[in-house]
Amino acid sequence: MVQAKKIALYVVVVFVLYTIINFPQRAADFVQVGFEGVSTAAQGVGDLMSQLIQ
């Protein structure tokens, strides 16, 4: 089972590197979407905490 996880991890890493090398603009778009999602989630948590304090 551990060997299968290692192989799956290597496949994912190779796919990510392939995507970055061959499609840099699309990879940059994916990273931007990811950061926007994290930012929105953090803002939502901040808003929730502000509402709880008031």
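Guide: Tyr 18 counts as partly exposed because its relative accessibility is 47%, where buried means under 20% relative accessible area, exposed over 50%, and partly exposed in between (1.4 Å probe, protein chains only). The model is predicted, so local features need pLDDT of at least 70 and side-chain atom pairs count only at pLDDT 80 or more, while totals for chains, interfaces and linings use all residues. Residues are numbered from 1 along each chain as its sequence is written, and side-chain values use heavy atoms, with hydrogens and water left out.

Tyr 18 lies in helix H1, which covers residues 2-22; helices (H or I, at least four residues) and strands (E, at least two) are DSSP runs, numbered from the N terminus. The structure has one aromatic pair. The ring centres of Tyr 18 and Phe 23 are 6.5 Å apart and the ring planes stand at 80°, so this pair is edge-to-face. For such pairs, rings of Phe, Tyr and Trp (its six-membered ring) must have centres within 6.5 Å; planes under 30 degrees apart count as stacked, over 60 as edge-to-face, and the rest as tilted. Phe 23 is also partly exposed, because its relative accessibility is 45%.

Tyr 18 and Phe 23 both belong to a nonpolar surface patch of about 1000 Å², whose members include Leu 9, Val 12 and Ile 21. A patch is made of residues with over 30% relative accessible area and no salt bridge; like charges are joined within 9 Å, and nonpolar side chains (Val, Leu, Ile, Met, Phe, Trp, Tyr) within 5 Å. A salt bridge is a side-chain nitrogen of Lys or Arg within 4 Å of a carboxyl oxygen of Asp or Glu. Accessible areas come from the Shrake-Rupley method with a 1.4 Å probe, and for residues only the protein chains shown count as cover.

Thr 19 is in helix H1 as well, but Thr 19 counts as buried because its relative accessibility is 14%. Neighbours within four places in sequence aside, Thr 19 is in contact (heavy atoms within 4.5 Å) with Pro 24 and Ala 27.

Now the whole chain. Its secondary structure consists of two helices and zero strands. Buried residues are 4% of the 54 residues. The chain exposes about 5000 Å², with 72% of that supplied by carbon and sulfur atoms. Along its principal axes, the C-alpha trace spans about 50 × 35 × 5 Å.
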